[in-house]
Amino acid sequence: MRRTASPFSLITLGLGTFLLVLAPLLAWYVEPRAAVNPIDIDTTAVYTGKGSYFDTGQVRTVADRRITITQVVRGDVEDSERSGRAVWDVTTTVDTDKTLPAADPHDALEFFLNRWVTDRSTNQPVHCCKENPYFEGDAYLKFPFDLRKHSYQWWDNSLGSTVTLHYAGTKKVQGYRGYRFTGTVAATKIGTRLVPGSIVGLPKRPQVRAEEWYANHGIELIADRRTGRVIYAQVGPRRTLRAPGSEKDAVVLLDSRKIGFTTGTQKEQVSLAKKESGRLRMVGQTLPLGAGVAGFVLAAAGAVLVVRGRKRPETDAISRPPLTM
């Protein structure tokens, strides 16, 4: 008797081997290539809070008023595909109740139009594609993928430089846990502005180039660990004017201890983080683990079947009829 492998045992062994090869490919090749910044992004984040601002109509600073920050991020798909980078156009408006809803964003208290370009995998700034302004640091609109428990350099657009944000544990947002990072900005001169001298305490001078100063009472960002998406953001901006060479603020342009994501924005960002994180988890963990376990079982079973084989009687290569007389 001799043994031969059945087609079923060979198929089982082959399928198991395939799954064993597929498992590490999913984890080490496919998953890193799936963790990229999107090029077709279209999101809106809204912050609200109470604070003070300079009312140009009353020519004075008014206090305890609602302030709304709206940040719209849209991807430039054509430029992104051409460059291989993530090219995002970012519109930021700071409004009061007087300017909401605004038909023209230029009517807002403050208005910024920027272009943010990043490496899709690392989230590092890339200086191309009419970037505006020149950004640096580890993160701006989002953190890198696969967050670590250490400090990051966050770009503060108002400061025009990076701010060190320190890891401060974890915190839940709408029931979803993320990594928390915090930091502050000390009062820093960020430029000058031509204003009537009376505004900065120099009534005898018709116009003066006042110094513009910026500080931040506190920045708090909570981000999804796997994707780096910010699921909650809170800032405490303070912008003031000083007379040239003065060490004291003469007028407050904007000041708030806390302006943070609205509940609606929190829910939207958490929903997106869950969806994106789930996809990466499936490709990087669930599927590789399942493929590895199934591949091992099938390969082992197939090998046993091949070794055992199927018993068949041995016969001559040529069957001869019996001799007769």
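Colleague: How many helices and strands does the chain have?
Modeller: There are 3 helices and 13 strands, taken as DSSP runs numbered from the N terminus (helices are H or I, at least four residues; strands are E, at least two). This is a predicted model, where local features need pLDDT of at least 70, side-chain atom pairs count only at pLDDT 80 or more, and totals for chains, interfaces and linings use all residues. Residues are numbered from 1 along each chain as its sequence is written, and side-chain values use heavy atoms, with hydrogens and water left out.

Colleague: Thanks! Is strand 4 mostly covered or mostly exposed?
Modeller: Mostly covered: 9 of the 11 residues in strand 4 (residues 86-96) are buried, meaning under 20% relative accessible area with a 1.4 Å probe, protein chains only.

Colleague: And which strands does strand 4 pair with?
Modeller: Strand 3 (residues 60-75) pairs with strand 4 in the antiparallel sense over 9 bridges, and Ile69 has Val94 as its bridge partner. Strand 5 (residues 110-118) also pairs antiparallel with strand 4, over 9 bridges; there, Val90 is bridged to Asn114. Pairing here needs at least two DSSP bridges between the strands.

Colleague: New topic: which residues have the most contacts inside the largest nonpolar core?
Modeller: Phe143, Leu165 and Leu221, in a core of 34 residues. Strand 9 (residues 207-223) gives the most to this core, with 5 residues. Such a core is a set of buried Ala, Val, Leu, Ile, Met, Phe, Trp, Tyr and Cys residues joined through side-chain atoms within 4.5 Å.

Colleague: What is Phe143 in contact with, beyond four places in sequence?
Modeller: Its contacts (heavy atoms within 4.5 Å) include Trp154, Leu165, Phe181 and Leu221.

Note on methods
Buried < 20%, exposed > 50% of the residue type's maximum accessible area, 1.4 Å probe, protein only.
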